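Reader: Hi! I'm new to looking at protein models. Could you walk me through this one?

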Amino acid sequence: MMRAARLPGKGMESYLIWLIAGFVLVIAELLTGTFFLLVLGVAAFAGSATAWFGLGFWSEALCAAAVAIAGVFWVRRQRKALQRPAMAPLDVGQAVAFDAWVSREQGTARVKYRNTLWDADVQGERELDAGAALFIHAVDGNTLKVAKTRP
């Protein structure tokens, strides 16, 4: 049976150091919830397994690095697959009442929405009377993008 490698000049075998590092990283991941530390902990366990078979430090380090790199790519791919598209603002599609033009040429106006006057960029037709119904198409900061048609 092969003996596990020992660190030069040290009393502790190298597989134990990898094992301890793995447990420390897994415990740290449990406290943070990032999954990247879990990947590094699993990589340290792989390094520990390599050290158990006595393959030498560089084999241990390469094995741990390969598992860590593969794990990071896997976690990134999983996170990207689970990302949800940004939700449209709840105001989109709501009706507003035209109040007055700020600049008809530029299409900027004031509209009443939720009993408050808002800045708005009017898209499309610009022949509007006070009180005309418009619909919100988008929200850009404090400016509403509105038009006569529903989005």
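Author: Happy to; we'll chat about a few residues, and please keep in mind that this is a predicted model.

Reader: Thanks! Where does Arg114 lie?

Author: Arg114 sits in the loop that links strand E2 (108-113) to strand E3 (116-122). Its phi is near 60 degrees, which is a positive value in a residue other than glycine.

Reader: Are Arg114 and Asn115 buried or exposed?

Author: Arg114 counts as exposed because its relative accessibility is 60%, and the cut-off for exposed is over 50%. Asn115 has 71%, so it counts as exposed as well.

Reader: Now Val122. Which strand is it in, and is it buried or exposed?

Author: Val122 belongs to strand E3. With a relative accessible area of 5%, Val122 is buried, since buried means under 20%.

Reader: What is Val122 in contact with, beyond its neighbours within four places in sequence?

Author: Leaving those neighbours aside, Val122 is in contact with Trp101, Gly107, Ala109, Leu128 and Val146.

Reader: New topic! Which residues make the nonpolar surface patch?

Author: Leu16, Ile20 and Val24 make that patch, with an area of about 240 Å². Leu16 lies in helix H1 (residues 14-32), and at 31% relative accessibility Leu16 counts as partly exposed.

How values were computed
Residues numbered from 1 in each chain as written. Predicted model: local features only at pLDDT ≥ 70, side-chain atom pairs only at ≥ 80, totals over all residues. Heavy atoms only, no water. Helix = DSSP H or I, 4+ residues; strand = E, 2+ residues; numbered from the N terminus. Buried < 20%, exposed > 50% of the residue type's maximum accessible area, 1.4 Å probe, protein only. Patch = residues over 30% accessible without salt bridge, like charges linked within 9 Å, V, L, I, M, F, W, Y side chains within 5 Å. Areas by Shrake-Rupley, 256 points an atom, 1.4 Å probe, with all protein chains shown as cover. Salt bridge = Lys/Arg side-chain N within 4 Å of Asp/Glu carboxyl O. Contact = heavy atoms within 4.5 Å.
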